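Below are some notes for a colleague who is looking at this model for the first time. Please read them beside the sequence and the coordinates, point by point.

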Amino acid sequence: MFSGPKLLRISGERQYCSIHHQVEDRMTTWRIGATTIHKVLEAEVPVPCVGALRTDDTALLKRYPWPAPDFSRADGTFVLSVHGLVVDTGTRRILVDTCVGNARESVPFLRMLDTTWLEDLTALGYPPESIDTVVCTHLHFDHIGWNTRLVEGEWVPTFPRARHLVARVEWDHWVDEPDTNLPDTMQPLIDEGLVDFVGTDHQVCDGVRLEAAPGHTPGQVAVVVESGGDRAVITGDLVHHPVQFIEPEVACVSDADVPQAAATRRAFVDRYADTGTLVIGSHFPAPTAGLLRRGGDGGVRFVADGLR
């Protein structure tokens, strides 16, 4: 049992995201023992529940009103956040996922972005040259886009001093697939010798490790951070909305292996419910993190920020 994280809500002023709508909390910081985790927002997108999730149940979100208004809306949509997470242990600066990136023509949505994400990262105190590790939870376009950036017509590594960690099973699945953006987002890193193919249980450093989370993709990982008796876990895309913790059989439309993804969600809840572990959603909008708690009936709730 973990005592629970110390939450440092450091919220940027209200800004306008030109992609879709107003957003708050572009940057939020949590303290996990001596380690800090910073969220750096790229964009937020309202999506329909029916369509984004594999369900015809238009009342799904209404049955579980507790995340609203942070996660669910009355019109049956929910907000999908695209953000990166910096894990700063004091000796290591680890970036978990690198969002969509700017000037990408081939992505299926959020095309040709022109955001200040890299500037925001730098303003937080993490210029690209200071990042020593990039963890790719999986290889979907919205998690690896800033691996590279366009400079004078060529895609070059954004984080030139970082080791980029990719699960070997994930790479083997995607490397020969057509119509991916790996030639732009990964090949320049491989050409520069910046990629390490690792196991899904890889120990990144003292207090930070990967944890297998297959189903959404074959080699997806979550990232577990432990320090000073506190623990957090970054979900990757094993969930896109907290309702999937309650009804794990509700799949994301992009889950590659639906039964496996559901089994991963069930195991995740069994592992972390009522342990004081801060769950940080890789696609959850502000407040982005919370605790999994079981009620007297055994049903689980996602308690946003661990404060309610």
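1. Glu152 is placed in the loop that runs between β9 (148–151) and β10 (154–157). The model is a predicted one, and in it the phi of Glu152 comes out near 50°, a positive value in a residue other than glycine. Most residues other than glycine have a negative phi. Glu152 counts as exposed because its relative accessible area is 82%, against a cut-off of over 50%.

2. A positive phi is also found at Cys99, where the angle is near 65° and the residue is again not a glycine. Cys99 belongs to the loop between β7 and α2. Is Cys99 buried or exposed? Its relative accessibility is 0%, so Cys99 counts as buried, whereas Glu152, at 82%, is exposed.

3. The loop between β7 and α2 also holds Val100, which is likewise buried, at 0% relative accessibility. Leaving aside neighbours within four places in sequence, Val100 is in contact with Glu42, Val82, Val107, Leu110, Leu113, Phe141, Asp142, Gly145 and Trp146.

4. A polar atom of the Asn102 side chain lies 3.0 Å from the backbone nitrogen of Thr115. Thr115 is also among the residues that Asn102 touches beyond four places in sequence, the others being Leu113, Asp114, Trp146 and Trp155.

5. Trp117 deserves a separate look. Not counting residues up to four places away in sequence, Trp117 touches Val40, Leu41, Glu42, Gly84, Leu95, Thr98, Cys99, Trp146 and Phe159.

6. The largest pocket has a volume of about 510 Å³. It is lined by 25 residues, and of these Pro108, Phe109, His140, Phe141 and Asp142 lie nearest the centre of the pocket. At least two lining residues are supplied by each of α1 (49–52), β6 and α3 (141–144). By residue class, the lining divides into 13 nonpolar, nine polar and three charged. Phe141 and Asp142 are also among the contacts of Val100.

7. Lys39 is a charged residue to check with care. It is found in strand β5 (residues 35–48), and it counts as buried because its relative accessible area is 0%. The side chain of Lys39 makes a polar contact of 2.9 Å with the side chain of Thr288. Lys39 and Val86 are 47 residues apart in sequence, yet their C-alpha atoms are 6.6 Å apart in space.

8. Where is the cis peptide bond that involves Pro287? It joins Ala286 and Pro287, and its omega is about 15°. Most peptide bonds are trans. Pro287 is placed in the loop between β17 and β18 (289–294).

9. Gln244 has its place in helix α7 (residues 243–246), and at 0% relative accessibility it counts as buried. Beyond four places in sequence, Gln244 touches Leu53, Val239, Val250, Ala251, Cys252 and Arg265. Gln244 and Arg271, 27 residues apart in sequence, are 15 Å apart from C-alpha to C-alpha.

10. Thr275 lies in the loop between α8 (258–272) and β17 (278–280). Its relative accessibility is 13%, so Thr275 counts as buried, and its side chain is joined to that of Thr277 by a polar contact of 2.7 Å.

Definitions and conventions. Residues numbered from 1 in each chain as written. Predicted model: local features only at pLDDT ≥ 70, side-chain atom pairs only at ≥ 80, totals over all residues. Heavy atoms only, no water. Contact = heavy atoms within 4.5 Å. 1 Å grid on protein atoms, 1.4 Å probe; cavity = no way out; pocket = protein on both sides within 12 Å on 5 of 7 lines; lining within 4 Å. Points joined across faces, edges and corners; volume = space filled by probe spheres on them. Helix = DSSP H or I, 4+ residues; strand = E, 2+ residues; numbered from the N terminus. Nonpolar A, V, L, I, M, F, W, Y, C, P; charged D, E, K, R; others polar. Polar contact = N/O pair within 3.5 Å; in protein donor to acceptor, adjacent residues only side chain to side chain. Buried < 20%, exposed > 50% of the residue type's maximum accessible area, 1.4 Å probe, protein only.
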